[in-house]
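Here is a short report for a reader meeting this structure for the first time. Please look over the sequence and the model before reading on.

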Number of protein chains: 2
Amino acid sequence: MRREGHLIIISGPSGVGKGTVCTALKAMRPELKVSISATTRKKRPTEVDGENYFFYDENGFYELIQQGELIEYAKVHGNYYGTPKAYVMDQLDAGEDVILEIDVQGAMQVKQNMPGGIYIFLLPPHKNDLEARIRNRGTEDEANIELRLHNAQEEISMLHDYDYAVINEDVDECATLVSHIIDAENQRIDARLMRKYWEEFHD
Amino acid sequence: MRREGHLIIISGPSGVGKGTVCTALKAMRPELKVSISATTRKKRPTEVDGENYFFYDENGFYELIQQGELIEYAKVHGNYYGTPKAYVMDQLDAGEDVILEIDVQGAMQVKQNMPGGIYIFLLPPHKNDLEARIRNRGTEDEANIELRLHNAQEEISMLHDYDYAVINEDVDECATLVSHIIDAENQRIDARLMRKYWEEFHD
């Protein structure tokens with residue numbers, strides 16, 4: 001019963017641990033493809049173009065935008081980042097499930113372009129926990145921590161635009177639940193899946 | 001993030017192995033409640049009223065029907081069988097997930113009364129496999145086997161009224177996927193769940 005792949009959007013407020021959960025998920029399910037971002041940021045010596053990122057200069061990036069080649073994009077600390085449509089679509093067409101880890105603002109752009117995706121929101125177990133995670137990064141001053149915490153609560157209130165919510169209390173438990181969500185979505189009944197089944201049933 | 005339980009309907013054509021899958025599922029998740037049927041069939045010495053079945057005489061059963069106390073019912077080999085609403089509703093209200101194993105005709109009655117349930121259809125991997133399972137019961141003559149096989153195919157075509165389909169090739173794999181579907185449904189975003197989360201987040 002093979003079919004077109006799913007785009008799985010893993011989002012949630014800053015500090016919730018999206019990256020850690022995605023790494024654990026990928027370790028559990030190595031068959032998952034991970035969306036590769038385009039960026040105008042300088043390539044670091046260890047990075048490989050087309051593996052870590054697709055690297056572009058600003059003109060190249062503008063062209064992607066103008067040609068509608070990006071599912072979403074944003075400018076962060078002076079550099080552009082975006083999600084190229086071509087890579088994602090190629091994987092989905094080949095029947096692969098694709099993970100896209102992205103912040104809440106980006107996820108809402110993605111939803112405009114890919115409404116059929118599976119939108120999963122990661123939640124911190126408690127306000128104090130979220131605050132501790134933001135503080136533990138040790139990179140922000142007090143005013144910035146307050147601001148991030150405030151923003152995180154704003155972001156959590158955008159939850160109703162998502163399909164699933166998973167609390168990230170324990171990384172492995174959280175990744176396991178995300179993995180089960182992917183399993184479940186692969187068993188959902190749709191017309192194409194059924195035609196395929198019916199052919200194999202009588203084969 | 002606790003909420004009202006889910007009613008999980010496990011259905012599929014005759015011979016697909018619904019009972020075996022439900023037994024495996026229950027072994028994996030002992031916390032699942034299993035819906036208890038009402039019947040007019042005579043109680044066997046080993047059976048306990050309210051555990052294996054709720055036993056009624058015909059008048060008692062008619063009363064259940066008339067008072068709308070059954071989610072579904074049918075007459076099989078001269079005896080009535082039905083699913084009492086009270087037991088299911090009590091469990092759901094207490095936040096328990098309830099399994100209801102039922103044939104395709106029964107499931108469609110249930111859907112009229114409980115449209116919010118999770119409808120899972122078990123599929124045989126192949127027509128030959130289904131035929132083998134029906135034959136292996138050894139209880140039916142050739143004409144009956146043909147009829148059951150024909151009916152099974154009719155039943156499979158009612159798949160589009162369900163939410164999920166799982167192929168029962170390996171019982172444990174099948175039960176595991178059903179278990180993952182339950183996990184996923186428990187992470188679905190709904191207003192009540194979110195209110196609860198929000199309270200605990202700020203607690």
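The report covers the interface, the symmetry and a set of paired strands.

**The interface**

This is a predicted model. Chain B and chain A touch through 34 residues of chain B and 34 residues of chain A. The area buried between the two chains is about 3,000 Å². Carbon and sulfur atoms give 66% of that area. Which three residues supply more of the area that chain B buries against chain A than any other three? They are Gln187(B), Ile189(B) and Phe201(B), and they supply 21% of it.

In one salt bridge, the side chain of Glu185(B) meets that of Arg188(A), at 3.6 Å from N to O.

Where does the touching side of chain B come from? Helix 5 (127-136), helix 6 (142-156), strand 9 (164-167), helix 7 (171-186) and helix 8 (191-202) of chain B each supply at least two of its residues. By type, the residues on this side divide into 20 nonpolar, 7 polar and 7 charged.

**The symmetry**

How is chain B superposed on chain A? A rotation of 180° does it, with 0.0 Å of shift along the axis and an RMSD of 0.0 Å. That is the relation of a two-fold axis. In chain B, the C-alpha nearest the axis belongs to His180(B), 2.4 Å away from it. Both copies use the same surface: 100% of the contact residues of chain B recur in chain A.

| Strands of chain B | Sense | Bridges |
|---|---|---|
| Strand 3 (residues 37-39) and strand 6 (residues 79-84) | antiparallel | 2 bridges |
| Strand 5 (residues 70-76) and strand 6 | antiparallel | 6 bridges |

Individual residues show how the strands line up. Thr39(B) has Tyr81(B) of strand 6 as its bridge partner. Leu70(B) stands opposite Pro84(B), also in strand 6.

Strand 5 and strand 6 of chain B form a hairpin with 2 residues between the strands. Which residue of this hairpin takes a positive phi? His77(B) does, with a value near 45°.

Note on methods
Residues numbered from 1 in each chain as written. Chains lettered and ligands numbered in written order. Predicted model: local features only at pLDDT ≥ 70, side-chain atom pairs only at ≥ 80, totals over all residues. Heavy atoms only, no water. Contact = heavy atoms within 4.5 Å. Buried area = accessible area lost by both parts, 1.4 Å probe. Salt bridge = Lys/Arg side-chain N within 4 Å of Asp/Glu carboxyl O. Helix = DSSP H or I, 4+ residues; strand = E, 2+ residues; numbered from the N terminus. Nonpolar A, V, L, I, M, F, W, Y, C, P; charged D, E, K, R; others polar. Least-squares fit on C-alpha atoms with pLDDT ≥ 70 in both. Pairing = 2+ DSSP bridges.
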